[in-house]
Amino acid sequence: MALVHPFFISLTEMSYNSEKGKMEISQKIFWDDLEVGLSNHFGEKVNFLQPKDKATLDRQVKTYLEKHNQILVNGKSITLNLLGYEVDGEAAWFYLESSPVDLPKSVEVTNTLLLSDRPGQQNIVHVYNQSKSPRSLLLSEGNEKGKIEFQK
């Protein structure tokens, strides 16, 4: 069953876990759009909901998310580790965790998810840093990178 939605968007939520000293990241992506992105990236048809080989799909998802998410905290690049994912209706949530980082004074995000696959794709990024209210970025083709500075 093909799903059609009128807009192309992803949502990324990032928060600093001071107990772990890591950034925790959740990304919500429409799985049908992700199938297009994965298929284009790997040059083969990808079925996200019913993969031929789950381990291969997991590697593809990890590779794709790592390539299309670059994050600098306090000017230093962080490594992302995919913890897992789950399907939630028409979308899927992906859970990532960073390598250890200091309390963020600045967070710079380059998010190119689906930008070359879906015209009009927009990627919303919310960054929480010791508050309930996020600072946000709206990233799109030609505007793939944004930086958030936090008060000292």
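Surface first. The protein has an accessible surface of about 8,400 Å², and carbon and sulfur atoms hold 50% of that. Those areas are Shrake-Rupley values with a 1.4 Å probe, and for residues only the protein chains shown count as cover.

A word on the source. This is a predicted model: local features need pLDDT of at least 70, side-chain atom pairs need 80 or more, and totals for chains, interfaces and linings use all residues. Residues are numbered from 1 along each chain as its sequence is written, and side-chain values use heavy atoms, without hydrogens or water.

Now the fold. We have two helices and 10 strands. From the N terminus the order is β-β-α-α-β-β-β-β-β-β-β-β. Helices here are DSSP runs of H or I with at least four residues, and strands are runs of E with at least two.

Next, burial. Of the 152 residues, 43% count as buried. Buried is under 20% relative accessible area, exposed is over 50%, and partly exposed is in between.

Now the rings. There are three aromatic pairs. Rings of Phe, Tyr and Trp (its six-membered ring) pair with centres within 6.5 Å; planes under 30 degrees apart are stacked, over 60 edge-to-face, the rest tilted.

Phe48 and Tyr85 make a tilted pair, 5.5 Å centre to centre, with 35 degrees between the planes. Phe48 sits in the loop between α1 and α2 and Tyr85 in strand β5, so the pair ties together parts 37 residues apart in sequence. Phe48 is buried at 4%. Tyr85 is partly exposed at 21%.

Tyr85 also pairs with Phe94, again tilted, at 5.3 Å and 35 degrees. Phe94 is buried, at 0%.

Conventions:
Buried means under 20% relative accessible area, exposed over 50%, partly exposed in between (1.4 Å probe, protein chains only).
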